[in-house]
Amino acid sequence: MTTLQTPQAPVAADPRRPATPVPTARRVRTAAGLTGRYLLLALVFALTVGPFLWQLSTSLKGNGERVFGYPPQLLPAHPTLHHYAEVLDTVPVLHYAGNSLVVALGSVLSNCLLGSMAGYALARMTFRGRGLAAGIFLATMIIPFESIMVSEFLVARSLHLTDTLLGVMIPGAASGLSVMLMRNAFRRLPAEVEEAAVLDGAGEWTRFWRIALPSVRGTLAAVAIFSFVFSWDDFLWPLVSLSDQSKYTLTVGIQYLSGTFTNDQRVIAAGTMMAVVPLLVLFFALQRFFFRGVGEGAVKG
Amino acid sequence: MPSSRGIRLAAAAVTVALATSACGLGSSGSSADQGGTPSGKVGGTVTLETLQLKPTFTDYMNGVIAGYEKEHPGTKVNWVDIPFQGAQEKLTADATAGNLPDVVNLNPQFAQALEAKGLFVDLDKAAADVKASYVPGAWSAFQVPGQQGSFGLPWYLTSEVTMYNKDLFKKAGLDPEKPPATFDELLADGAKLSAAGQGAFYGIHPALENRFVTDLAKQGVPLLDASGKKWTFNTPEAAAYLQKLVDAYKGGVYPQDSLTQNHSKENEAYQSGRIGLLPSGPNFLATIKKNAADIAANTGVGPQITGASGATNMSVMGLLVPKSGKNQATALDFAKYLSNAQNQLAFSKIVTILPSTLESLKDPYFKAEGDTSPEGTARRISAEQIAKAENLVPVQYDSRVTAAVIGKVQLALQGKLTPQQALDQAVEEADKITGAAG
């Protein structure tokens, strides 16, 4: 909203011109700028949502229709839900989704809890090596998973956690990203509030749990969404650590839709649509907090 | 995308190398005491791990397993199937942990890193009794240059054919019953198609990462020396062939954006009617049928594109028996059973693949007499060419080498390097990866 008003600000500030009425030429220019902005927004929208719509349309296309037609046809000529039924027949999607949900919800809980505790310690407590600790958390964010995969697998194996959902969850239970997001959120809270609480006799735990944590709900929502999405989308680690097919998570399980010799793009698309639904539900449920959380992280002060 | 995947794979490979050499888990402990042929009685439980055969072939596989268990009372086969994507990473992790299944289904490229570490039973010795029953070119696909032995029982094969869109052939004034057979014909037909298409459709897609090096091998260019470390494909013949591709790209034979695209984009382009020619495995016909029925109906099938020598390539799948297995005798026995002539013939009747056993290839099914459907034609053609086909691309040509080589070839097509320069630099980079250059 604020951005739309900015072009008019110099008008009022300019002493050589009357502030009102706004000249017609200027109004036209504003309208043109507005149109331009919306066109740009529409373009970006098309770029980001286009592939998703293509996938959705593919999943609904009848068997006789071309999938890779050129130019692409977005509206299916013979829409059908048949491919969704086929997905349910081929792969125990609901069972796999259940596994994914267990892992993802576990990851959300642990990231919110452990991430905020670690973040609070890094932001508010003074101890030797605090900067170093923060640096290490930051560093873990840039290490590619592939390079530590084997050692992680060996650790999981020696803990007897391979082939369990707990083993799938633990490596991402407190990610560097969650810790850093929470740390930044806590750092921006005014210290005075907590100092006042100290005078009232509040201990560290009370300050964390009763004062600091409720003030960063937005960032918590962001951490929850991020950890849910990362965990839900993770493919390689569940594949590597699980061998029992009944424990597969959804991303691994829906691989079976594309066989070695058959490749029905419509069924694959239907499967991916089904995998995306929980993400959309979660995002729309939390989006109010999420955008506040993103804002919280952006303003420094 | 390909490059970032290359880097990630490279990172994984380095870690595996470190992990296996440093802790020696899995390999050293078990290989020392199991030098030779697995011995012991057949019985007990074995685990078989396959690459993405569920759910399409669940019934077939369960049938074979039930048959084996019935013939050998007291045995039990656990069948595990893993998705193709990520399989290499999973197997390297399992190998490091000494956790490999008793029988594992791999292609030579996947297998080679593990073969080179001596993780598998040498089947030249252990399965000498059945060696003669397999297609020789498929058997040798599981050899590692510079090492004794061969490590996989060939399981099922595919041999590329040339699919083409008859409609587009007619539009370009080409004979729809006469597909190209040589590289020069392929480029000439491709040029005609692209000229007729005027941007609406093209002749061919370069699919460099999938085809370039194979095509060099088919034209008699030596790829790798005997040590298995030094690459040798920067010959004048190779440069001359690359020059033809450069001219084709400049002349608009390939779609402008196809330079960096892989085989799956080529497949999509064929299914959307954007390209007229598609050299690919015959099994791809089923996919075309599903995704673009009208194009499938207009698809003709010709033999694999060859060079002057007529050498043809094939893709091989195999069954390997890791030395870490506790029940190697049963594992090997089951692998032989799974890949025997009878079971492979039954397998190739449900999907367009070829059996690796010579006896089943003689079956009239592969003559496909009177069957003029694209599938029938593809089956006949590929069965005819398989007997003399080989796995032409050495196993050392893995994803890292591919990324390095194709990067240079792309620069040549863009005109930033001359063909000879590009190939020289590609060889240099590839040598660094395989360890010949300091």
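Visitor: How many salt bridges does the rule find across the interface of chain B and chain A?
Guide: Welcome! This is a predicted model, and its two chains do meet in polar contacts, with 11 residue pairs counted between chain B and chain A, both at pLDDT 80 or more. Salt bridges are another matter: across this interface, the rule finds zero.

Visitor: Which element of chain B gives the most to the side that touches chain A?
Guide: Six elements of chain B each give two or more residues to that side: α1 (2–23), β2 (75–82), α4 (87–96), α12 (263–271), α13 (284–291) and α14 (293–297). The top contributor gives seven residues, and that element is α4(B).

Visitor: How many of the residues on the side of chain B that touches chain A are nonpolar?
Guide: Chain B brings 45 residues to the contact, while chain A brings 35 residues. On the chain B side, 14 are polar and 10 are charged. The nonpolar residues there number 21.

Visitor: What is the area buried between chain B and chain A?
Guide: The size of an interface is often given as the accessible area lost when the parts come together. Here carbon and sulfur atoms give 60% of the buried area, and the total is about 3500 Å². In chain B, the residues that lose the most area to chain A, together 17% of what that side buries, are Gln52(B), Lys290(B) and Asn291(B).

Visitor: How many helices does chain A have?
Guide: Chain A has zero strands. Of its 301 residues, 38% count as buried. As for helices, chain A has 15.

Visitor: How far apart are the end C-alpha atoms of residues 36–54 of chain A?
Guide: The unreviewed UniProt entry lists several stretches of chain A as "transmembrane region", including residues 36–54 and 211–232. Residues 211–232 of chain A are 95% helix and 0% strand, and their end C-alpha atoms lie 31 Å apart. Residues 36–54 of chain A are 100% helix and 0% strand, with end C-alpha atoms separated by 26 Å.

Visitor: Is Gln55(A) buried or exposed?
Guide: Gln55(A) sits in helix α3 (residues 24–60) of chain A. Leaving aside its neighbours within four places in sequence, Gln55(A) is in contact with Ala269(A), Thr272(A) and Met273(A). Its relative accessible area is 19%, and the cut-off is under 20%, so Gln55(A) counts as buried.

Visitor: Is Arg27(A) buried or exposed?
Guide: Arg27(A) is also found in helix α3 of chain A. From Arg27(A) to Phe208(A), 181 residues away in sequence, the C-alpha distance is 52 Å. The relative accessibility of Arg27(A) is 53%, and the cut-off is over 50%, so Arg27(A) counts as exposed.

Visitor: What is the relative accessible area of Thr206(A)?
Guide: You can find Thr206(A) in helix α11 (residues 204–215) of chain A. The C-alpha atoms of Thr206(A) and Cys112(A) are separated by 17 Å, although the two are 94 residues apart along the chain. Thr206(A) is partly exposed, and its relative accessible area is 32%.

Visitor: Which elements of chain B do the buried residues of α16(B) pack against?
Guide: Helix α16 (residues 341–350) of chain B has these buried residues: Ala341(B), Asn343(B), Gln344(B), Leu345(B), Phe347(B) and Ser348(B). Their packing partners in chain B are α3 (58–71), β4 (153–158), α15 (328–338), β9 (354–355) and α17 (358–361).

Terms used: Residues numbered from 1 in each chain as written. Chains lettered and ligands numbered in written order. Predicted model: local features only at pLDDT ≥ 70, side-chain atom pairs only at ≥ 80, totals over all residues. Heavy atoms only, no water. Contact = heavy atoms within 4.5 Å. Buried area = accessible area lost by both parts, 1.4 Å probe. Salt bridge = Lys/Arg side-chain N within 4 Å of Asp/Glu carboxyl O. Polar contact = N/O pair within 3.5 Å; in protein donor to acceptor, adjacent residues only side chain to side chain. Helix = DSSP H or I, 4+ residues; strand = E, 2+ residues; numbered from the N terminus. Nonpolar A, V, L, I, M, F, W, Y, C, P; charged D, E, K, R; others polar. UniProt positions renumbered as here; feature names shortened; annotations may be inferred. Buried < 20%, exposed > 50% of the residue type's maximum accessible area, 1.4 Å probe, protein only.
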